[in-house]
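Thanks for asking me to look this one over. My notes follow as numbered points, with the model itself shown just below.

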Amino acid sequence: MTTSETRSSARGEVLAKRVAQEAVLSVRGLTVAFPGVSETPVVDDVSFDVPRGRVVALVGQSGSGKSVTARSLIGLAGEGSRVSVDTLRIEGEDLAQADEAQWRAVRGARVGFVLQDALTSLDPLRTVGREVGEALRERDRAVRDERTHAALVEAGVPDPEERAAQYPHQLSGGLRQRALIASAIVDDPPFVIADEPTTALDVTVQQRILDLLRGLADSGRGILLITHDLAVVAQLADRVHVMHRGRIIESGSARDVLRTPKEDYTKRLLRAIPSVHTRGDRLLPGERDEAGKRRDPIDPLAATLRRAVPLLRVSDASVTFRARRRGRRVALDRVGLELHPGETLGIVGESGSGKSTLGRAILGLQGLDGGRIDLFGEEWSALPEKRRRPHRRRIQTISQDPLGTFDPRLAVARLLDQPLRLWTTLGREERRQEALRLLGLVGLDATVLDQRPQRLSGGQRQRVAIAQALASSPDLIIADEPVSALDVLTQAQVLDLLVDLRRRTGLAMLFISHDLGVVHHLSDRIAVMTDGAIVETGPVDDVFFRPQHPYTQRLLEAVPTLEGIR
C-alpha cells in the first residue's frame, strides 16, 4: 500500500468512526427471513446509518424489504420472523439482543414510528386525543392534553380540540395520517421512522408535513424516510438507499442518485414517475411509443359510447354534516358534474374538500340533503336499496385503504371468489382461473392466492383490491386513491392497465386522488374541489397548464418535483 493510500485509508476510518458517533441509528448486516413462508430473506445483509440532523430515504418497489427493514429496527419484524444483525445501535445503545421490555422503553420515547396504514394503526375504540397521547400516559393530564394538541397542530391537523375528541373513522384519510404523525412526535423523540408519511395527503398538506419533517431533522433529529415517491425524496432527503429484492443496490446523496443513477433499476424507477409526459393517449391509434410498442386502436364501441348520454350526472348535490363544536359542516355544496362511458374524470383537492363524500354519495352510501344523482339513466339517489341492488354489479369501488375493507380471515382466493360467485355463473375451477387472470392483470401471480391480506405488502393489497373491483366487469369504477400505496413501477403498470381497460371496454372512472401527476397521467377531464364545491373544471391540459382559479394555482405550485432536489 502506498503512503497516499495509507493516509486515505486512515482518513476513511476516522470518518467512519465520526459518522458512527454522530449517527442516531447505525445498523450493520441486518437480515430478516420468514422461514414458514420462504427461505429467501426478505431483508438481506442491509447496512446504513442515519446521522443526526439528516433525512435518509429507503426507496424501492413494494415487497423490496423497505418496511420490514424499518420495523426490524425497533423490534417489530413480525410474527414468525427470524432476525439476525451484526450491529444495531440507537443513540449509541447496543440493541442487537434487546428483549421486548427494552424495546418498549425505546419506542415512542426515543424512536417515533409513523406507520403506512393509518386507519388500521389507530385504535378504532379510542379517541384521536387518547391515541396521540398514549406515549405520555405517565404524564400529568393537563400536560398530556397540552402536548397532544400541540402535536396535532404541528402535524397540520385543524381544530385540534375537536379532532382530539373524535374517533379515527370520523376523520378523512389525510387527517388520520396526520394524527398518526402527531402520535409519533408527541414525546419529542430524537429519531423518527416515517413509513410512507405522505401517502394519504394532498399536496398542500404534504408540503406542510415535509416541512415538519425537515424541521425535525434541522433541529438535530435523525429521520428515516420509507417512501415510493421519488419527488418527495428529492425535496426532503439528504441521502438515498435504493432497495431491490431485500438488498441495497445503490446508495449516495439524493442529488447523485436521482440525477445520475448508476443502476438500471434506479433508472426504471425514475422513468416511471407519472406525469403529463407519461400519458399513453398522447399517441394516435396504431402509433408506436418511444420503446417501439404499438398502441392498439380504441375499441369502436367504446368510442361510440363516449359520445352517448352521460353514464353519470350529478346535479346540485348537497350534503351537510353536524359538527361537535361548529354546529354544521358543508361537505358538498351544490356540486354538479357529468361522466360519460369510457371517460375518466379526475377529482382533486385537499383532505376534507368533499372528494370522498362525493364518491360515497354516487355509490349510494351517503344520502343527499339536496340535488340529485342520475346513474345508468335513472335517478339513482332517490332509489331504495332494493331497486339499486341489481345494478350494483355495474358500479364498483377501489378504496384508499384495502386492509380496512378486506375480511382479515379470508385469503386472497376467497376475496376474489366472492364477487365471481355473486355476479357470474362460472363453476368452481372456472372461477379459480378467472381469479388468476385478474391477478395477472394487476401484476400478481398464483403465489398470493393462499395469503391473507395482513401478510401482503401495501402495494400487493392495493392490487388485490383493484382485481376484486374488476371481477364483476363494471361500467363505472369509483377509485378513491387507488394507487396511493404503490411504488412508481407498480403504479405505472396499474395506471396503464386502467387506461387500457377504458380504451377497450368503455369503462368509466371517477378517479379521486391527491397525486396531481397521477391524475394528469390518467384523466380526460379534471374537477378541482375545495370546501365542498367544485371551483374549476375542464379538460386536463387546460386545468394543469392554464389554471384559472387561485386555489388550483396554489395546488399546482405545491406539487413536489425532481427539480426540487436539495
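Which elements do the buried residues of α23 pack against?

1. The buried residues of α23 pack against α9 (203-218), β14 (344-349), α21 (516-522), β20 (525-530), β21 (533-539) and α22 (540-545). In helix α23 itself, which spans residues 550-557, the buried ones are Tyr551, Thr552 and Leu555. They lie on the same side of α23, because they cover an arc of only 100 degrees around the axis. The arc is taken from the directions that lead from the helix axis to the C-beta atoms. Buried stands for a relative accessible area under 20%, exposed for over 50%, and partly exposed for values in between (1.4 Å probe, protein chains only). Contact stands for heavy atoms within 4.5 Å. Pro550 is also found in helix α23, but Pro550 is partly exposed, with a relative accessible area of 47%. The C-alpha atoms of Pro550 and Glu536 are 9.8 Å from each other, with the two residues 14 apart along the chain.

2. Before going further, a word on the model and its numbering. This is a predicted model, in which local features need pLDDT of at least 70 and side-chain atom pairs count only at pLDDT 80 or more, while totals for chains, interfaces and linings use all residues. Residues are numbered from 1 along each chain as its sequence is written, and side-chain values use heavy atoms, with hydrogens and water left out.

3. Now the overall picture. The protein chain has 23 helices and 21 strands; helices (H or I, at least four residues) and strands (E, at least two) are DSSP runs, numbered from the N terminus. Of its 566 residues, 51% count as buried. Among contacts with a separation of 6 or more, 69% come from residues 24 or more positions apart.

4. Strand β3 (residues 55-59) runs parallel to β9 and is joined to it by four bridges, while strand β8 (residues 191-195) pairs with β9 in the parallel sense over five bridges. Two strands pair if DSSP finds at least two bridges between them. Leu225 of β9 stands opposite Ala57 and is also the bridge partner of Ala194.

5. Strand β12 (residues 312-321) is joined to β13 by seven bridges, and Phe321 has Arg329 of β13 as its bridge partner.

6. Is Thr357 buried or exposed? Thr357 belongs to helix α14 (residues 355-363) and is buried, with a relative accessible area of 15%. Leaving aside residues up to four places away in sequence, Thr357 touches Val319, Phe321, Ala331, Leu332 and Gln366.

7. Here is a helix pair to inspect. Helix α17 (residues 412-423) and helix α18 (residues 428-441) pack at an angle of about 110 degrees, with their axes 10 Å apart. Axes are lines fitted to C-alpha atoms, for helices over the stretch in contact, and angles run from 0 to 180 degrees between N-to-C directions. The two helices α17 and α18 are therefore roughly perpendicular to each other, a term for angles of 65 to 115 degrees. The contact is made by Val412, Leu416, Asp417, Leu420 and Arg421 of α17, together with Arg431, Glu434, Ala435 and Leu439 of α18.

8. Finally, please check two backbone spots. Most residues other than glycine have a negative phi. Asp159, in the loop between α6 (141-154) and α7 (160-164), has a positive phi of about 50 degrees and is partly exposed, with a relative accessible area of 34%. Glu196, in the loop between β8 and α9, has a positive phi of about 55 degrees and is buried, with a relative accessible area of 6%.

Terms used:
Parallel < 35°, antiparallel > 145°, perpendicular 65-115°, else oblique.
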